[in-house]
Amino acid sequence: MDELRALYRTLLPEHRDRLCALRSRVRAEALSDDAREALRAEILRDAHTLKGSGGQFGFPEITDAALALRQAAPEARPALLDALYQVI
């Protein structure tokens, strides 16, 4: 399990980069309704992936932050996206 955990840890920078890009898009003011909905779906999909993989590889802090993001009201998601980014 330690080897898998170490491997997962090497993949976290990719997730961090992706979350950084999502954070930038969330802050963009001029998004159409369709673009905003697509962004919302992307954030939830990434949070779902991180929630599961964090739990599977023994990173409960990632699981908890990703779960909070998935369950949050839309207006709370930018702050929780920042929190997940910080955990990773």
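Modeller: Axis angles under 35 degrees count as roughly parallel, over 145 as roughly antiparallel, 65 to 115 as roughly perpendicular and the rest as oblique. This is a predicted model, in which local features need pLDDT of at least 70 and side-chain atom pairs count only at pLDDT 80 or more, whereas totals for chains, interfaces and linings use all residues. Residues are numbered from 1 along each chain as its sequence is written, and side-chain values use heavy atoms, leaving out hydrogens and water.

Colleague: Are helices α3 and α4 roughly parallel or roughly antiparallel to each other?

Modeller: Helix α3 spans residues 60-71 and helix α4 residues 77-87, where a helix is a DSSP run (H or I, at least four residues) numbered from the N terminus. Their axes come within 9 Å and cross at roughly 165°, the axes being lines fitted to C-alpha atoms over the stretch in contact, with angles from 0 to 180 degrees between N-to-C directions. The crossing is left-handed, a term for a near helix turned anticlockwise from the far one by less than a right angle. The angle therefore makes α3 and α4 roughly antiparallel.

Colleague: For α1 and α2, is the crossing left-handed or right-handed?

Modeller: The axes of α1 and α2 come within 11 Å and cross at roughly 160°. These two helices are therefore roughly antiparallel to each other. As for its hand, the crossing of α1 and α2 is left-handed.

Colleague: Turning to charged pairs, how many salt bridges does the model contain?

Modeller: Side chains of opposite charge can pair when their charged atoms come close. The rule applied is that a side-chain nitrogen of Lys or Arg lies within 4 Å of a carboxyl oxygen of Asp or Glu. Under this rule, the number of salt bridges is six.

Colleague: In the salt bridge of Asp-82 and Arg-23, which residue counts as buried?

Modeller: The two side chains meet with an N to O distance of 2.7 Å, and the pair links distant parts of the chain, since Asp-82 is in helix α4 and Arg-23 in helix α1, 59 residues apart. Buried means under 20% relative accessible area, exposed over 50% and partly exposed in between, with a 1.4 Å probe and protein chains only. Asp-82, at 21% relative accessibility, therefore counts as partly exposed. At 15%, the residue that counts as buried is Arg-23.

Colleague: How far apart are the closest N and O atoms of Glu-42 and Arg-25?

Modeller: The salt bridge between Glu-42 and Arg-25 has its closest N and O atoms 3.0 Å apart. Glu-42 lies in helix α2 (residues 33-56) and Arg-25 in helix α1, so the pair ties together parts that are 17 residues apart in sequence. Glu-42 counts as buried because its relative accessibility is 14%, while Arg-25 counts as partly exposed because its value is 34%. The separation asked for, between the closest N and O atoms, is 3.0 Å.

Colleague: Which residues are linked with Arg-25 and Glu-42 in a network of salt bridges?

Modeller: Arg-25 and Glu-42 form a salt bridge with each other. The network that holds this pair also includes Arg-18 and Asp-46.

Colleague: Within helix α2, by how much of a helical turn are Arg-40 and Glu-37 separated?

Modeller: Arg-40 and Glu-37 form a salt bridge, with the closest N and O atoms 2.7 Å apart. Arg-40 is partly exposed because its relative accessible area is 32%, and Glu-37 is partly exposed because its value is 40%. Being three residues apart in helix α2, they are separated by about one helical turn.

Colleague: What is the area of the nonpolar surface patch that includes Leu-11?

Modeller: Leu-11 lies in helix α1 (residues 2-27) and counts as partly exposed because its relative accessibility is 35%. Patches take residues with over 30% relative accessible area and no salt bridge, joining like charges within 9 Å and nonpolar side chains (Val, Leu, Ile, Met, Phe, Trp, Tyr) within 5 Å; areas come from the Shrake-Rupley method with a 1.4 Å probe, and for residues only the protein chains shown count as cover. Met-1, Leu-4, Leu-7 and Leu-11 make a patch of about 390 Å².
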